[in-house]
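The sequence and structure are shown first.

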Protein chains: 2
Amino acid sequence: MAVTISDVARVAGVSKGAVSYALNGQPGVSEGTRDRILKVAKELGWKPNLRAKGLSSAKAFAVGLVVARDPRLLGTDPFFPAFIAGIETTLVEHEYALVLTVAASADAEELGYRKLAADGRVDGVILTDMRVEDSRIALLESLKIPAVTLNRPETSSPFPAVCMDDTEGIAAAVEHLVSLGHTKIGHVGGPQSYIHGRSRRLAWQNAMSKAGLEAGSFIEADFTAAGGLAATAELLRSAQRPTAIIYANDLMATAGQSYAQSLGLSVPDDLSITGYDDTELATYLNPPLTTVPADPLLWGRVAAQKLLSLLGGAPAEDVYLPSPKLVVRASTGPVPRTPKN
Amino acid sequence: MAVTISDVARVAGVSKGAVSYALNGQPGVSEGTRDRILKVAKELGWKPNLRAKGLSSAKAFAVGLVVARDPRLLGTDPFFPAFIAGIETTLVEHEYALVLTVAASADAEELGYRKLAADGRVDGVILTDMRVEDSRIALLESLKIPAVTLNRPETSSPFPAVCMDDTEGIAAAVEHLVSLGHTKIGHVGGPQSYIHGRSRRLAWQNAMSKAGLEAGSFIEADFTAAGGLAATAELLRSAQRPTAIIYANDLMATAGQSYAQSLGLSVPDDLSITGYDDTELATYLNPPLTTVPADPLLWGRVAAQKLLSLLGGAPAEDVYLPSPKLVVRASTGPVPRTPKN
DNA sequence: ATTAATGACTGAACCGGTTTAGCTTAGTCA
DNA sequence: TGACTAAGCTAAACCGGTTCAGTCATTAAT
């Protein structure tokens, strides 16, 4: 069996309580005794038992993340693994663990949070993929679980948000394309029920009108390759056929690019394309993709920091991360003189 | 405060012990009393407190996964998210949770396991990315943590392995290319320190000799897009330049394909390409990629099942999953008459 | 009829910590 | 000198379960 606090107490010749005080740096023991207890604890190789600690202090020393995605499509999104890695870099420093739940449906998602709460598995959670009407806010309030959200939801939320503005990058993409002579710039967006799907569309729209252009065609897709392909097909056969398309993520952009090429179009000679995320693959495509880095690693790290400080009693203030800058590669070029069919 | 077992005992007019027996379906209470206790528990809305349960039974009701990857590259591998989703589908049914740790280095990986063990965070772990000389086996034995491995490691292991044979798919890729007339078939493999990097290379090698061909050029890459590109470049400028390349994963294949195209080569007219994984994107590339599905979802589900049954005392027998079959798409075609430069 | 065995249940110990209440002892001040 | 205070520590309760040892009544065996 492992060394317990009682073993330390016995060897040091004091009571359990004194050991607890000493180990937690609390008053109630003299300097001399404290040092002696600490020394004995070290000699015996004492390690706190998390379960016992959790039972008496009603804490889990863990934070939760519920990922709501179709499991089959989860692998296609490069955001989560890197985001999780970012969370971890913070957690390891604080002896916290990450409990991950994957939910296939909205119901399963809610159930996921309820279970984490009911079982006391976590002390707080991180909310990703914020939705325009997000029922999770109220749910977590009722469950009394502290949370941190990625970007500020539109509904009022008592939880701190870790914000990374994506409108600047999209606006830069529009300006970049406009400077190349494009006037018909379409947008293949994510679901508008997500705030990042929405904000990217609005950013595109605003940047267009700022440039004195009509917003042009918008198609609501679903962040998947299949959705990106279908949306691209629709845009390319539309009357107002664009010469450039801004996609809300790299996956859709990649699928769109491949589809355009399969039609015999050249990217960027016949069609310019931009993505969002800057996945590793983006650099290695033919042509390499002009895109906006999302930096999920940083986002995860800061979100976890914010959550831990919130658990420590810090005030719930929002954090603003630097806006990612457009990375120009070869998938964007001058507007074609005579569009090809 | 939540309803405790003592509350149930008081209301039902019995002792705590009787309630515990009744709720766990253990002998020691009569049918009538048991029903009464169960009824009271339900009425009061009693839910077991995991922490308390864990403290007395010395269990965590969670399993662990330590992912050792460069966090920056983690997002590029579609395997993990889907694998994790598979694990979850099993765990939710058994009221278990998944504790995820991300490690950037080998040292951090070992520390990750040690911490999970020391803190009693998990009752067992799943080992992925098995290496030829895998020190984790001995480590987990010494930490006394039950484990399940993905495929059987070469070093002797007391842990059950959940095996999915990848040699059949690679062999099928070779046969497919041979039937198209290819004789010079290269291989861009993963690190040979990984058993799946090694087994795929051996499968390629064996299939080649079985077809009466020389094995041809092999390059050891690292499963990344950058590595795939570099390896492809090396193969294409070699004296024994292949007309077809079998990659150990889709990411390298995609990077290789894009690179070949950027040189002005046509895939598959000048160069045939196959991958491994069958990521969502594979279907949407231009041309769509001939590849072998890895089914990480199934693998995760079964691995978790095996681990839970192991924790339940079941014998440590290996499980064999069906070998995935080659999916032929448009990235493979007849051998070119006169190879282009 | 006596003893043994069984079933149903209780009380208390236990898991390994935290925390409260209380007890000594020494020091301060009037 | 006596009352009061504070520091330093102990004993015990507590968190919410599990489990062991023992009590008592009933039934079976001799």
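Contact means heavy atoms within 4.5 Å. The model is predicted, with local features needing pLDDT of at least 70, side-chain atom pairs counting only at pLDDT 80 or more, and totals for chains, interfaces and linings using all residues. Residues are numbered from 1 along each chain as its sequence is written, and side-chain values use heavy atoms, without hydrogens and water.

100% of the interface residues of chain B are also interface residues in chain A, so the copies meet through the same surface. Chain B is superposed on chain A by a rotation of 180 degrees with 0.0 Å of shift along its axis (RMSD 0.1 Å), by least squares on the C-alpha atoms of residues with pLDDT of at least 70 in both. That is the relation of a two-fold axis. In chain B, the C-alpha of Val99(B) is nearest the axis, 2.3 Å from it.

| Helix pair | Axis separation | Angle |
|---|---|---|
| H11(A) (residues 225–236) and H12(A) (residues 250–262) | within 7 Å | roughly 50 degrees |
| H2(B) (residues 16–23) and H3(B) (residues 31–44) | 9 Å | about 90 degrees |

Helices are DSSP runs (H or I, at least four residues), and their axes are lines fitted to C-alpha atoms over the stretch in contact, with angles running from 0 to 180 degrees between N-to-C directions.

H2(B) is therefore roughly perpendicular (65 to 115 degrees) to H3(B). Ala18(B), Val19(B), Tyr21(B), Ala22(B) and Leu23(B) of H2(B) meet Arg34(B), Ile37(B), Leu38(B) and Ala41(B) of H3(B).

Terms used. Chains are lettered from A and ligands numbered from 1 in the order in which they are written. Helices (H or I, at least four residues) and strands (E, at least two) are DSSP runs, numbered from the N terminus. Angles under 35 degrees count as roughly parallel, over 145 as roughly antiparallel, 65 to 115 as roughly perpendicular and the rest as oblique.
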